[in-house]
Amino acid sequence: MKVGLFIPCYVDQFYPGAAIATLQLLEKFGVDVTYPPKQTCCGQPMANSGFEHLTTGCNELFIENFAEFDYIVAPSGSCVLHIRDHIHDDKNPKAAESISHKIYELTTFLTDVLKVQSLNARFPHKVGIHQSCHGQRGLHISSMSELVAPEFSKPASLLNMVNDIDIIHLSREDECCGFGGTFCVTEEAISAKMGKDRVADHLAHGAEYITGVDMSCLMHMEGILKRQGSKTKVIHIAEILNAG
Amino acid sequence: MEHTTKDHAELAQEFNRDEERVNWHDETLWFIREKRDKAAHNIPEWEALRETASQIKNNVLSNLDNYLQQFEKAAIANGVTVHWAADATEHNQIVHKLLNEVGVNRMVKSKSMLTEECGLNEYLAHHGIEVIDSDLGERIVQLAGEPPSHIVLPCIHKKKEEIGEIFHQNLGTAAGISDPQFLTETARQHLREVFLTRRAALTGVNFAVAETGEFVVCTNEGNADMGAHLADIHIASMGIEKLIPERKHLGVFLRLLTRSATGQPITTYSSHFKKPRPGSQMHIILVDNGRSVQLGREDFRNSLKCIRCGACMNTCPVYRRSGGHSYHSAIAGPIGSILAPNLDMKQYADLPFASTLCGSCSNVCPVKINIHEQLYKWRQVLVKDGYAPTGKKAGMQLMTWTLSSPGLYHMAGKAGRWVLKYAPFAVNNKLNPWYIHRDLPTPPAQSFGEWYKQNRK
């Protein structure tokens, strides 16, 4: 099984720690994982802003980088959802379709493909889980509070395998943090207010760390935490699963 | 309807100047969302019910022409006069003409979002006809000179103290009263006089049954019934998408409607209107106003399934924190944002962008409209049709070039991290919208790509 590691552009540039943890975690499970060096971005920032028609270059580049792999794994629900739903290539439709079927968000790859049953990790902290919407409502990596359906959570099932972790309860378990891609600047007032409210829920329940499958939501909440001078930190789920 | 040149982001920013009010608005609507959750979870077959409703509406939309004709025929046979209005203007003219024919210049009206969409109150006022809205929430915003901010809870943005002040100024109550019971009783006495004296009543329509020609109006206050039963002429305005095929399908929709809207099992009054009382008139106006255009848009046609429950507004984290008026459209929130651009792409080009695409709206929708996917699709249509600001276009083009080229991307990444590290003042200022309420990430020494080159290859 050959796995291509897709590291979203902003994770590559600003959060290499999350990417390194993802790589090391996959290596720990004996996965043959490679990072194609010419990758850039999934194209979502343009597409969600209404410029999907400008993403041809990104799509072609993505296919070029990842066509050869059996699986593509990324530490992001949002970028994976974008590729899964929107990648297309008029010149090579089959390759595009194949990509959309073999791309996985990290925690789903761990629970559904590798079928991870135990982890050798320790994280002795109070942790709040942020349900990133695109992973949750888009990729269905956990149940959703709106639906009348059985409860489950792939990220939480993995976190529960971590020693000494204390997962806190939230008042609103799956409210959006307000990042929303370019929404975070085009609708600055609402985006910031949503972020403040989400952070407040975690803080009120004693979170030392806020974790999740998407660094973008965490980056947004980190910006608010830092501005408030809070000691609470954000951490990508891969870094907890790879800790200790 | 509100006329404004400000877009959603600007209006939302204004609403957010008073953070305490935003918190109160958010919590009030979240409370209703939670009531909806409890009501839905009490129905084990809830998801099957949503699917059934969605499929019934699919059938309606695919056979709308036939159902409309079937409905018209049955309604006429019941003694109802049926009118067809192609747009808002024609609808308003028909109402005006009907009132003129019976020589009436004062009308009582129960809740009808369609008449908000058509601007009926303003139109009639301009022609010397007084309209009094009889839904309590609508009456309050009418007295305040504002449009409703929510389709089910029109004055949800007003605190009880503010309502006390509106009543003090308009209905003669003492100043400083905010007791809900007292204020409701005041409204009751005020509206009682209206019901008893108005000879014309207009109601909306929640469901129209093609099989029987009857229509159903749902209210919690009984105000539609009070108005219609005491008037000589009852006019019912309905969008052409309000049809359901048969009476038996009502059970599906009535179970979903109020559970989704407020968490109640059913509306207090679900009144069936079929034929006029002897000596009185009953009219139905079937209004298109852009609906057949929307029906022709493949990606957006199922927005016409909407039964106007407002659940998408109550759950929307943006709506809860921006207030209904920030959508500057008769129908606010997520559903309004996919309906409004169909009416006027230029005026409502901002609305599909007033969302994080979190998807909660689609999950609560009782008829399973893929609202957040339609928001995404509207963005593509609006940009392609030229409704994107020029600056945004240039920025996106630059981003596209950078992200389509690994070389440019690596250079830009390095430059960005360098700026953050050595010249943070270039981005840490109020010209950068991110920085107003958030700090920027601390730039790492190297990117993952650079680390990988050193450590793995």
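Visitor: What makes A:D164 buried, partly exposed or exposed?

Guide: The model is predicted: local features require a pLDDT of at least 70, side-chain atom pairs count only at pLDDT 80 or more, and totals for chains, interfaces and linings use all residues. Residues are numbered from 1 along each chain as its sequence is written, while chains are lettered from A and ligands numbered from 1 in the order in which they are written. A residue is buried if 20 or more other C-beta atoms, placed from the backbone, lie within 10 Å of its own, exposed if 12 or fewer, and partly exposed in between. A:D164 has 10 other C-beta atoms within 10 Å and is therefore exposed. A:D164 lies in the loop between α9 (154–159) and β6 (166–167) of chain A, helices (H or I, at least four residues) and strands (E, at least two) being DSSP runs numbered from the N terminus.

Visitor: Which class does B:R277 belong to, and why?

Guide: B:R277 has 13 C-beta neighbours inside 10 Å and therefore counts as partly exposed. B:R277 lies in the loop between β9 and β10 (281–287) of chain B.

Visitor: What makes helix α11 of chain A largely enclosed?

Guide: Of the 17 residues of α11(A), 13 are buried, so the helix is largely enclosed by the rest of the structure.

Visitor: How does the span of α11(A) compare with the expected one?

Guide: The expected span is 1.5 Å times one less than the number of residues. Helix α11 (residues 188–204) of chain A reaches 24 Å from its first C-alpha to its last, close to the 24 Å expected. A:G206, with a positive phi near 80°, follows α11(A).

Visitor: How do you know that β2 and β3 of chain B pair?

Guide: Two strands pair if DSSP finds at least two bridges between them. Strands β2 (residues 106–109) and β3 (residues 130–133) of chain B have four bridges, in the parallel sense, and B:R106 has B:E130 as its bridge partner in β3(B). β2(B) also pairs in the parallel sense with strand β4 (residues 200–203) of chain B, over three bridges; there the partner of B:M107 is B:A200.

Visitor: What makes β8 and β9 of chain B edge strands?

Guide: Four strands of chain B form an open sheet of mixed pairing, in the order β8-β5-β6-β9. The edge strands, β8 (243–244) and β9 (269–273), each pair on one side only. Strand β5 (residues 207–209) of chain B runs parallel to β8(B), joined by two bridges, and B:A208 stands opposite B:L243 in β8(B).

Visitor: How much confidence does the predictor assign to chain B?

Guide: On the pLDDT scale, the predictor's confidence in each residue from 0 to 100, chain B has a mean of 95, and 99% of its residues reach 70 or more. The complex receives an ipTM of 0.97 and a pTM of 0.96.
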